[in-house]
Structures are given as structure tokens and as C-alpha cells.
Amino acid sequence: MKVLVAVKRVIDYNVKVRVKPDNTGVDLANVKMAMNPFCEIAVEEAVRLKEKGVASEIVVVSIGPKAAQEQIRTALALGADRGIHVETDEEVQSLEAAKLLKSVVEKEEPKLVILGKQSIDSDNNQTGQMLAALTGMAQGTFASEVVVDGEKVNVTREVDGGLMTVSLNLPAVVTTDLRLNEPRYASLPNIMKAKKKPLESVSPADLGVDVAPRLSTLKVEAPAARQAGVKVADVAELVDKLKNEAKVI
Amino acid sequence: MSILVIAEHDNSSLKQATLNVVAAAKAIGGDIDVLVAGENCGAVAEAAAKAEGVNKVLVADNAAYGHFLGENLGELVAEVGKGYSHILAAAGTTGKDFMPRVAALLDVAQVSDIIRVESEDTFVRPIYAGNAIATVKASDSIKVITVRPTGFDPVAAEGGSAAVEQLDVVKDAGISAFVSEQKAESDRPDLASAGVVISGGRGMQNGDNFKMLEQVADLLGAAVGASRAAVDAGFVPNDMQVGQTGKIVAPQLYVAVGISGAIQHLAGMSDSKVIVAINKDEEAPIFQVADYGLVADLFEAVPQLEEELKKVL
């Protein structure tokens with residue numbers, strides 16, 4: 001079966017986020033970018049499904065500027081077979097991303113679509129569910145286990161206070177949570193091989209989607225900074241302060 | 001304006017997060033209706049009717065909603081919600097699951113995880129795991145919003161007397177089914193909602209040493225977390241991770257033990273009310289955000305902490 005994986009180019013998770021002085025957004029100039037960590041888990045899951053003989057082909061898609069091809073190449077180095085780049089320099093919000101992915105899904109007809117549960121920049125946690133709704137597919141969000149069984153997939157989900165397993169008809173959408181797997185690193189030979197794998201580029205207009213944003217960001221501010229507190233001399237003083245000053249125990 | 005709040009519950013009791021969401025709805029202003037969708041959830045509807053500020057409670061009681069499957073709830077809420085100006089739900093795992101489906105079915109954007117209301121169409125939400133705070137304006141005719149419960153003080157659970165109306169709308173998409181659930185077995189509270197969290201970092205040296213933290217956690221009724229460094233080193237499983245790529249926590253008390261304070265960890269816990277850091281390196285960045293810092297060897301300090309707590313608790 002064919003598996004489609006969507007990946008997003010975001011700020012590297014180790015980089016300190018700095019708000020621009022004019023409060024229009026976060027400063028991304030000359031900042032290290034990488035594949036969103038939850039998307040790495042999505043790619044890894046698809047590769048494991050292929051290694052088990054469940055998936056026959058892995059198509060990776062990314063929406064974004066020219067440079068997003070780096071993240072597609074990373075996914076190809078990890079084991080995806082070919083890439084689709086929806087190239088745009090515009091800001092693409094969740095609903096519009098879901099519409100673009102719907103168009104790709106209609107063309108590719110995958111049995112399973114795997115996405116990260118959210119990206120670590122906008123933290124929306126929307127695109128997978130929106131794609132599922134637009135295509136009439138079932139969804140297994142926040143997945144910690146994915147087991148394909150004939151025409152169904154069982155997804156164990158990380159929910160508040162425990163785990164929940166659902167059975168979904170295929171085709172279906174899965175969004176990944178942290179426990180699903182631990183992504184591998186790409187080997188140098190695979191990185192070299194990935195350069196020769198096919199990568200097709202399309203525009204939102206080719207897919208017939210208007211990506212004009214519905215939400216406008218009025219301002220972006222740094223959170224209120226925490227002040228460093230006091231150093232205590234020993235554990236007894238610490239417990240005394242927690243009990244009598246902070247009153248939290 | 002009219003606002004539809006989707007109740008969070010377990011078919012027998014109303015979750016407090018619903019009261020926080022009603023508070024967010026009050027901040028927007030307008031009539032507030034609450035939709036209780038579930039199976040045999042009459043007690044929940046009665047509780048919702050008593051909440052302060054609720055105009056009307058709508059009940060969709062059907063097996064299709066018993067396990068809160070996103071496919072079915074999405075269709076129901078899109079159908080019931082299309083007559084409202086705002087649709088709100090708590091940003092827990094249930095709301096996060098079905099609300100984007102509602103937004104997509106209504107062809108409107110969703111505003112996720114708001115912590116403040118500026119006006120009827122403008123909301124404040126954390127981005128980059130709380131490293132930046134964005135003010136966003138929604139232009140669609142229906143605003144679909146998930147609310148971070150800790151951002152709003154709950155309305156009173158008692159005192160209201162809203163009318164309860166049964167809905168005869170059954171939406172069963174028929175493409176998904178509940179199989180099983182496994183509640184967290186630990187007696188300790190859930191990491192994301194615990195009032196006290198004690199976390200260990202690379203300084204713990206191995207997974208066995210986390211038992212020291214568990215003993216302190218049991219005294220405090222705390223959840224046990226870890227930094228990404230401790231997870232990457234294989235000390236503890238990934239679901240204990242606090243940070244930008246793990247769980248975001250905001251407890252009353254956060255105790256960081258042997259954690260240096262990498263950016264990605266701070267992003268997950270710096271909204272905690274009181275932060276305690278125990279680390280032998282006095283230059284560790286964690287001390288820059290800690291209310292109380294103790295420069296000490298954790299292998300001496302944590303057992304002492306356990307003893308001192310036993311004296312005062």
C-alpha cells in the first residue's frame with residue numbers, strides 16, 4: 001500500500017526563539033531550520049511500515065519555500081521513495097495546508113497519510129484532522145502505536161490520562177505523538193542516494209487552492225521574563241521557604 | 001453573538017476544564033449554550049445546567065458519541081454549531097481531536113489553545129511552545145476556538161439553572177470504532193495536569209535513580225517528569241519528557257533535579273508558578289528561571305528533601 005507523509009520545515013528545536021523587535025513575528029533570518037520533530041517520527045513510522053512489508057511506496061510531501069526541499073531530501077535519505085514539493089513563499093495556514101494535501105491525496109490515493117501531530121512553530125495541532133475531515137477519512141491522532149490489519153488500521157492514541165485504541169477504516173490519517181518511535185539518523189550513503197530520488201514541484205495554483213490566510217497575526221511578543229529568585233543554603237531552608245513563603249506545599 | 005461551548009466529560013461527570021471554557025466564552029460575551037455529546041450522559045447535562053452563565057444545555061445522547069470519536073463529534077458539532085458565532089472547546093486531547101474537523105467542515109480557520117480574549121475576534125495564544133505570544137485576529141464568520149484551561153479562572157460550578165434540551169441529531173460517520181482504553185495505572189497524577197511536578201535530568205545518571213524522585217513525588221502528590229537529555233540517554237521513557245518536544249506543564253510547583261535548563265526544556269515548564277532547581281553546577285541556566293535554587297549534589301539533597309518533607313507534611 002502507498003503511504004503519504006507530510007513534513008514541515010521549521011526552526012530547529014535547539015535554537016533559541018527570538019521575537020523581532022518590531023513585534024511582527026519571530027526572527028528566522030540566519031536561523032538553523034530542520035524537519036519538525038513530529039514529522040521525523042511520521043517519516044520513521046512510514047519507513048518501518050515499508051521494512052515490515054506493509055507499505056510498498058512512501059511519498060513525502062512538503063509545503064513551503066524552495067528551501068523546504070532540504071527537508072524532503074532528508075525524508076528521502078531516511079527511506080521515502082519520492083517527493084512532492086508544493087512550492088510557495090506565502091504563509092500557509094492549517095486549513096489551506098489541509099486543502100493542498102487533500103489535492104495531493106486525490107491524485108496519489110494513498111491508503112495511509114501520516115503527519116506530525118503539530119509543528120513546533122505555530123503549535124496549531126490542526127492540519128491532520130482537517131485533512132481527514134476534508135477527505136472524509138477517519139483519523140488516529142496522537143498515535144503511539146499503528147498496526148495495519150487488512151482494510152483497517154488500529155491506532156493507539158495518547159489521550160489525557162492514558163491510552164485509547166481505535167480501529168479505523170482505510171484510507172485513514174494518522175498523526176504522530178512522541179512515543180510512536182525513535183527516528184533513525186540518515187547514513188551518508190543514503191544521503192547521497194536521496195539526491196537522485198525523484199522530486200516533483202507544484203504550485204498551490206496547480207493544485208487549485210487559494211492559500212490566502214484567514215487569520216492575521218496582529219503582534220508577536222516575548223513572554224514575560226521570569227526573574228531569577230534566591231539561592232537557599234540547604235534543604236531545610238528550601239522546605240521552609242516552600243511551606244511558609246511560597247505556600248505551595 | 002451566541003457561543004456554543006462543547007462540554008468535556010466522561011459520560012458521568014463534567015470536567016472542570018468545561019468551566020474554564022465557559023469563562024473564556026464569558027470574556028467574549030453573548031449567550032452561552034453548552035453542548036453535551038456522549039452516551040448516557042444525563043448527569044453531565046444536569047451539572048452543566050448549574051454552571052454560572054450558561055443559557056441553555058443541548059444534549060446529544062447516543063452510542064455514536066460514547067467514546068468521543070472525532071469523526072462523529074466533528075459532524076455533530078459542525079451541524080449544531082453552524083448557527084453560532086463562536087464554537088469553543090477545551091484544548092485537551094478530545095477537543096484537539098475533533099475541533100479541527102469542525103473547522104474544516106465549516107470551511108473556517110481554527111484558533112488553537114487561546115490563553116486570553118482581546119475582543120470577539122481577537123485572541124492571544126502561545127506559539128513556539130510559549131517562547132512567543134501571538135495576538136491573532138480571525139476573519140471568518142464562525143470562530144472555532146480551543147481554549148487552554150489554565151488561561152481562564154473557572155466560572156462557578158453551582159448557581160445556574162439553564163434549560164436542558166434534548167437534540168435528535170445522530171451523526172455516525174461509520175468509519176472508526178472504539179476498541180479499548182487503558183487508564184494510566186499510576187497513583188500519581190497525570191504529568192500535564194499535576195499540581196506538583198518533579199523532574200530529573202541527565203544528572204540523575206541512570207533510570208534507577210529516578211526512584212528517589214518517585215519517593216519525593218509520592219509525598220507531594222506529584223507527577224514525575226524528565227528532561228529530553230534524560231530521555232535521550234535512555235534513563236526513562238519518552239512520555240515523561242517535559243519540554244518543547246514533550247509535555248508542556250504549568251504546575252503550582254516544579255522541582256528540577258539535575259537539569260541544566262536547556263532552552264527546549266525551559267519552553268515546557270517556565271509557566272510554572274514556583275520553580276525549584278537542585279543542581280551542583282551553580283552556573284546552570286536553570287537557576288536563571290528558578291525561584292529557589294539549591295546548589296548541591298542531588299544524591300545528597302534529594303534524600304534530605306524526602307526527610308524534611310516527611311517532617312512538615
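B:N279 counts as buried, at 10% relative accessibility, where buried denotes under 20% relative accessible area, exposed over 50% and partly exposed in between (1.4 Å probe, protein chains only). The model is predicted, so that local features need pLDDT of at least 70 and side-chain atom pairs count only at pLDDT 80 or more, whereas totals for chains, interfaces and linings use all residues. Residues are numbered from 1 along each chain as its sequence is written, chains are lettered from A and ligands numbered from 1 in the order in which they are written, and side-chain values use heavy atoms, with hydrogens and water left out.

B:N279 belongs to strand 15 of chain B; helices (H or I, at least four residues) and strands (E, at least two) are DSSP runs numbered from the N terminus. A polar atom of the B:N279 side chain lies 2.9 Å from the backbone nitrogen of B:D281. Polar contacts are pairs of N or O atoms within 3.5 Å; within protein, one atom must be able to donate a hydrogen and the other to accept it, and residues adjacent in sequence count only if both atoms are side-chain atoms. With residues up to four places away in sequence not counted, B:N279 touches B:G258, B:I259, B:S260, B:A284, B:F287, B:L294, B:V295 and B:A296, contact being defined as heavy atoms within 4.5 Å.

Strand 15 (274-279) is also among the elements covering the buried residues of helix 8 of chain B. The buried residues of helix 8 are B:L298, B:A301, B:V302, B:L305, B:E306, B:E308 and B:L309. In an α-helix, residues three or four places apart point the same way, because there are 3.6 residues a turn. Helix 8 of chain B comprises 15 residues (298-312) and reaches 20 Å from its first C-alpha to its last, close to the expected 21 Å; the expected span is 1.5 Å times one less than the number of residues. The N-terminal end of this helix is capped by B:D297, a side-chain oxygen of which lies 2.9 Å from the backbone nitrogen of B:F299.

B:D140 lies in the loop between strand 8 (132-138) and strand 9 (143-147) of chain B. Its side chain is joined to that of A:R214 by a polar contact of 2.8 Å. Apart from neighbours within four places in sequence, B:D140 is in contact with A:R214, B:D107, B:V108 and B:A109.

Chain A contains six helices and 13 strands, and its C-alpha atoms fill a box of roughly 65 × 45 × 40 Å along the principal axes. Of its 249 residues, 53% count as buried. Among contacts in chain A between residues at least 6 apart in sequence, 69% join residues at least 24 apart.

Helix 1 of chain A (residues 37-51) reaches 21 Å from its first C-alpha to its last, close to the 21 Å expected. This helix is mostly covered, with eleven of its 15 residues buried, including A:F38, A:I41 and A:V47. A:G53, which follows helix 1 of chain A, has a positive phi near 85°. Elsewhere, A:M192 is located in helix 5 (residues 188-194) of chain A and is partly exposed, with a relative accessible area of 44%.
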